[in-house]
Amino acid sequence: MVENILEAAEPAAEKIREYDGKIRLIGQYDADGISATAIAHRMLEREGKDFEYEIVKQLYEEGIERIANEDQDLLLFVDIGSGQSELIKEHILDETDKEVIISDHHEPALSSEDSEGLDSLIHMNPHFLGHDGGEAISAAGMTYLLSKAVSEDNTDLVQFALIGATGDVQKQEGEFMGLNKELAEEAIENGYVEKRQGLDLYGRTTKSLQKSLMYTTDPHLEGVSNDESGAIQLVKSAGLDIRDNGDFRTLADLTPEEEKKLIHTMIKRGFPVQQLLNDIYTLGNGYEIDEFSTIINACGRLGEPKKGVKILLENDLDLAEKISRKYGRRISSALGYVDENRGNEEVIYEKDIGVIDGKDEISDDFIGTVTTITMSNGHFDAPVVMGIAEAEKDKMKVSSRATKEIVEQGLNLGEIVGEICEEVDGEGGGHNIAAGAKIPENEKQAFIDKLDTRISEEMA
């Protein structure tokens with residue numbers, strides 16, 4: 001299936017190979033966008049192109065107007081642009097002589113027919129080829145295939161594609177799906193990534209071993225779930241140390257032999273270990289892909305997305321560790337706000353959806369991560385969780401996540417959020433399992449009520 005993407009990428013690849021003017025690369029600031037930017041950066045660098053790049057948080061109309069007035073004549077948008085393609089047409093293609101390449105996986109605003117009818121636009125999007133951009137491939141994957149169409153020398157960039165896909169939650173039960181699965185097989189075959197089975201517990205690379213075990217509630221581990229002392233005793237009974245040089249160890253810190261000891265001890269205790277085993281992917285730099293993706297994502301959330309590009313292109317692990325520590329402190333503070341407000345129904349509450357009202361206590365850059373974590377650790381029973389936080393210019397940032405089960409029943413959260421945004425004069429959308437929005441501050445309660453009503457209708 002990857003072959004049809006490669007074939008569709010050829011016009012863009014030819015344009016990049018032959019172009020000798022100035023190029024502007026524009027990426028999005030999350031893990032997928034940073035990974036896609038790093039891929040495109042390395043591709044252009046290897047081709048000897050004259051280019052500059054920027055990473056944006058969002059691409060609104062004023063940003064498109066600004067880009068239209070800059071002096072580069074070829075614009076390459078990665079992980080951004082499909083949803084804004086009508087505005088790109090209006091302000092760039094219709095008003096300037098610039099040429100545009102979009103390598104994205106979000107729902108396109110312009111249809112494939114409308115895109116094909118524009119001589120100065122090459123629009124690469126999996127939806128045009130019958131693939132679900134929410135699950136089958138990320139923008140980093142699309143941009144990797146573009147780079148591969150440009151030159152086979154870029155095959156080492158496949159690992160960045162998997163980092164981006166992981167950041168966009170395109171693994172199901174630990175395994176890549178769709179086109180991502182083909183990319184994963186390619187990465188493993190060429191030695192860029194290793195795969196083995198392991199315990200796929202929450203916080204595998206970010207939480208202490210005992211915390212990962214105590215947070216495991218599905219399946220319930222008798223005497224361990226929600227019991228930190230019981231989790232510590234389980235680790236000790238397996239003959240493992242919970243600390244190394246004074247620091248708590250994570251599950252990812254265990255050697256394969258130590259993890260086997262823990263699994264064997266859990267089996268002897270009668271725990272349903274098979275339900276907890278999944279494929280674990282490890283990059284050549286020693287990081288498990290989930291943790292490394294989190295670090296790249298953190299660069300954007302901390303307002304330092306270009307550091308993510310630097311980490312990827314230079315394999316700067318010292319910088320990665322610094323970002324990880326800084327991000328951990330910020331996330332811990334944000335999650336502390338959630339814990340402190342348990343039971344405060346003006347802040348954390350649940351109807352047909354779970355709601356986290358971050359007000360001005362949780363940064364809009366972190367509300368999405370907090371929403372994902374609270375859904376993962378079982379804080380809510382609802383099939384959809386949304387977080388909302390104050391943003392700039394009397395706006396609110398919305399981040400929402402849906403469970404795999406309700407998506408499999410046909411829910412498309414991105415469509416619902418997009419429709420509600422039209423009703424409240426906001427901007428937003430996304431994928432079937434995750435969506436975001438920017439809405440007027442005075443429409444906050446209306447948005448929450450409308451989303452709750454729509455999810456209730458979907459569940460009926």
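Predicted model: local features only at pLDDT ≥ 70, side-chain atom pairs only at ≥ 80, totals over all residues.
## How to read this model

Let's start with a term you'll meet a lot: a residue is called buried when its relative accessible area is under 20%, exposed when it is over 50%, and partly exposed in between, using a 1.4 Å probe and counting protein chains only.

Residues are numbered from 1 along each chain as its sequence is written, and side-chain values use heavy atoms, with hydrogens and water left out. Helices (H or I, at least four residues) and strands (E, at least two) are DSSP runs, numbered from the N terminus.

## Salt bridges

How many salt bridges does the structure hold? There are 34 salt bridges, each one a side-chain nitrogen of Lys or Arg within 4 Å of a carboxyl oxygen of Asp or Glu. The general idea is simple: side chains of opposite charge can pair when their charged atoms come close. Take Asp156 and Arg46, whose closest N and O atoms are 3.0 Å apart. Asp156 sits in the loop between α6 (139-150) and α7 (158-167) while Arg46 belongs to helix α2 (residues 31-46), so this pair ties together parts that are 110 residues apart in sequence.

Lys171 and Asp290 make another such pair, with 2.8 Å between the closest N and O atoms. Here strand β6 (residues 171-172) supplies Lys171 and helix α12 (residues 289-301) supplies Asp290, so the bridge ties together parts that are 119 residues apart in sequence. Lys171 is buried at 13% relative accessibility, whereas Asp290 is partly exposed at 36%. Asp94 and Lys89 also meet in a salt bridge (3.0 Å, N to O); Asp94 is partly exposed at 45% relative accessibility, and Lys89 is partly exposed too, at 27%. Elsewhere, Arg24, Glu52, Glu54, Arg66 and Glu70 are linked in a network of salt bridges.

Which residues form the negative surface patch? They are Glu61, Glu62, Glu65, Glu90, Glu95, Asp425 and Glu427. Patches are made of residues with over 30% relative accessible area and no salt bridge; like charges are joined within 9 Å, and nonpolar side chains (Val, Leu, Ile, Met, Phe, Trp, Tyr) within 5 Å. Asp and Glu count as negative, Lys and Arg as positive, and His and the chain ends are not counted.

Helix α3 (residues 61-68) gives the most to this patch, with three residues. Glu65 has its place in helix α3 and is partly exposed, with a relative accessible area of 35%.

## Buried charges and their contacts

Glu259, in helix α11 (residues 256-268), is buried with a relative accessible area of 1%. Its side chain makes a polar contact with the side chain of Arg196 (3.3 Å). A polar contact is a pair of N or O atoms within 3.5 Å; within protein, one must be able to donate a hydrogen and the other to accept it, and residues adjacent in sequence count only if both atoms are side-chain atoms.

Glu304 lies in the loop between α12 and α13 (305-314). At 18% relative accessibility, Glu304 counts as buried, and its side chain makes a polar contact of 2.9 Å with the side chain of Lys307.

## A covered helix and some positive phi values

Is α7 mostly covered or mostly open? α7 is mostly covered, with nine of its 10 residues buried; among them are Val158, Phe160, Leu162 and Ile163. After α7 comes Val169, whose phi is positive, near 55°.

Asp79 has a positive phi as well, near 60°. You'll find Asp79 in the loop between β3 (74-78) and α4 (85-93), buried at 1% relative accessibility. For Lys359 the phi is near 45°, again a positive value in a residue other than glycine. Lys359 has its place in strand β13 (residues 354-359) and is partly exposed at 29%.

The C-alpha atoms of Asp200 and Asp279 are separated by 7.8 Å, with the two residues 79 apart along the chain.

Conventions: Areas by Shrake-Rupley, 256 points an atom, 1.4 Å probe, with all protein chains shown as cover. Charge placed at Lys NZ, Arg CZ, Asp CG, Glu CD.
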